[in-house]
Amino acid sequence: MTANEDFFREKRAAAVFKHGILKRYPAIFASKAGFRVQGRRVVFVDGYAGRGRYDDGSPGSPLLLVQAAEFVTNFRNVAGIFVEKNPQHYTRLVRVLAEEADGLRYETMQGDLGERLPEVLSRAQDAALFVFLDPFGTALAHQELITILERDGPPTEVLLHFSVSAVARLGSAVKQTHTREILAPEDQKKVDRLNRFLGGDWWQAYFTQVAGDDDLGTATSAALDVCDRYREIIKGETAYDSVSMPVRPHPDNQPRYVLVLFTGHVEGKWHFADTLGKAGMDWHEAWRNDLVARDRRKRESSGQATLFDMHTDLPIFDREKYRKTEEPKWIAAVEENIIQLLATYGTFRLADHVAEVYGQTLGSAWIPHVRRAAQSLHERGIIGAIGKDKRLHLDPIVPVRPS
Ligand SMILES: C[S@@+](CC[C@H](N)C(=O)[O-])C[C@H]1O[C@@H](n2cnc3c(N)ncnc32)[C@H](O)[C@@H]1O
C-alpha cells in the first residue's frame, strides 16, 4: 500500500481539522455570498475529491460538501462539482455520491483538475463559487489557482490545503543536490514540480539553511515561510487576501499542512477565523483520541501497563470542560492583541485585522471570545462601545483618550 493509498484507510487528527472546516464554512459562504447572486446560485467544487468516504466509514470532503449544501438547501440553490483523476478513486466516489447525495444537483468529472477547469468554471458561471483544493503534495499548478481567482462574476473563494511536509521534503531534497552544476533527471523533476506549484523558482532561496535530509525542523520552517510568501504572491497577482492556519497531527509536532482561505471579502476572513476555532476543538478531541487508541493498541500487543493506566483521567476529553478552562486565556490574549492594534492604528475595524486580532488563539477562540474581549476592554474604559450583534467586526474600535 502506498502512502497515498494509506491516506484513505482512516481519518487522522490532522484531517479532522480540514473536515471541521468543511463541515461548517461552505454553508456560511453559501449563505453570505449567495445572497446577492441571481437565483441564489452557489457552486461547491471539490477539485481533488478522492473516494468520498474513508475506509473506516468517516465522510471525506465530497460528503461533507454534500452535507453543507443540504444545510442551506431551503434558501440557496446549490450544485456540486467533484473532480477526481484516479480511476479507482473515481469509481468509488461515483458510488458513494449516488448513495448519499440524492438531495443535491451535482456532477462528477474524471480527470486532471487543470484540464477540467474550463468546464468547471463555465458550469459555475453566474454562481457564487467555493472551491476546495486538496491535492496530494504539490499537484496543483500556480496558474490553475490564479485562473479560478481571476474569473469574472459573483464571489469566489478557494480553500487550499498547502502541504508543508511535501514542500519541506522536496525543497530540502533539491537543496542537497544543488551543489552540482547539472541536476540528475529525478532531481530536476522535483524542481519542476515545485516551480509549477509555486509559480517560479523563488522558493529555492528559502532552503539554503537546511543542513541535511534529517534537518526536518529547518526544512519545515522554510516551507512555512514559503507558504507565507506564496500567499503574498497570490495577493499581488489577484488582490485576493487570505487567512492561514498551520495544522499539526499533535500539538508537539511540526505542522504538516496549512489551510489557506483565499477570499476577496472581509466577511470571508471573519467567519473563516470563527470556523477555525470550532474546528480546532474537533482537532483537539481527535488527537487525544488518537493517542488513547494508539496506547490501547500498544498495551494490547505488549500486555504491559502504559501511560493511561497510570493517568486514567487523561483519555476522557470533555469539550465543555476544556472550553471553560481555556477560554479565559483566549479572551485575555485577544484583549492584548486589540490593545496592540490600538497602539499601531488608533481606530480600526476588527474585520480588517482578523489574523492579528486572533493572533495565537487562531484555531482556538471564535467570535464570542472576541466579543467578550472587546466588551471587557470597553468596560475597562480602554475603547468605546462595540458594535452590536453582526456589527462587531464592522463598527470601528475607537480608543478612549485619557481625559
Ligand atoms: C488528499 S486526496 C483527497 C482527499 C479528499 N479531499 C478528502 O478530504 O476526503 C487527493 C486526491 O486527489 C487526486 N488527484 C491527484 N492529482 C489530481 C489531479 N491533477 N486532478 C484531480 N485529482 C487529482 C488523488 O487521486 C486523490 O484522490
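Which residue in E7 is the bridge partner of Val158?

Tutor: The bridge partner of Val158 in E7 is Phe262. Before going further, note that this is a predicted model, in which local features need pLDDT of at least 70 and side-chain atom pairs count only at pLDDT 80 or more, while totals for chains, interfaces and linings use all residues. Residues are numbered from 1 along each chain as its sequence is written. Helices (H or I, at least four residues) and strands (E, at least two) are DSSP runs, numbered from the N terminus.

Strand E7 covers residues 257-263, and seven of its seven residues are buried. A residue is called buried if 20 or more other C-beta atoms lie within 10 Å of its own, exposed if 12 or fewer, and partly exposed in between, with C-beta atoms placed from the backbone. In a regular strand the side chains alternate between the two faces of the sheet. In E7, Tyr257, Leu259, Leu261 and Thr263 point one way. Val258, Val260 and Phe262 point the other way, and the residues of both sets are buried.

E7 pairs with strand E5 (residues 156-163) in the antiparallel sense over six bridges; two strands pair if DSSP finds at least two bridges between them. E7 also pairs with strand E6 (residues 241-247), again antiparallel, over seven bridges. In that pairing Pro246 stands opposite Val258 of E7. Five of the seven residues of E6 are buried, so E6 is largely enclosed by the rest of the structure.

The loop between H9 and E6 holds Ala239. Ala239 has a positive phi of about 70° although it is not a glycine. Ala239 is exposed, with 10 other C-beta atoms within 10 Å. Helix H9 itself (residues 216-238) contains Thr218, which is partly exposed, with 17 other C-beta atoms within 10 Å. The C-alpha atoms of Thr218 and Ala173 are separated by 13 Å, and the two residues are 45 apart along the chain.

Another set of strands involves E1 (residues 41-46). Five of the six residues of E1 are buried, so this strand is largely enclosed by the rest of the structure. E1 pairs with strand E2 (residues 77-84) in the parallel sense over six bridges, and there Arg41 stands opposite Asn77. Five bridges join E1 to strand E4 (residues 128-133), also running parallel, with Val42 opposite Ala128. In the loop between helix H5 (113-123) and E4 sits Asp126. Asp126, not a glycine, has a positive phi of about 70°, and it is partly exposed, with 13 other C-beta atoms within 10 Å.

Helix H2 (residues 13-33) is another covered element: 19 of its 21 residues are buried, so H2 is largely enclosed by the rest of the structure. The end C-alpha atoms of H2 are 30 Å apart, which agrees with the 30 Å that its 21 residues should span at 1.5 Å a residue; the expected span is 1.5 Å times one less than the number of residues. A kink of about 30° lies at Lys23 in H2, shortly before Pro26, the bend being the angle between axes fitted to the seven residues ending there and the seven starting there.
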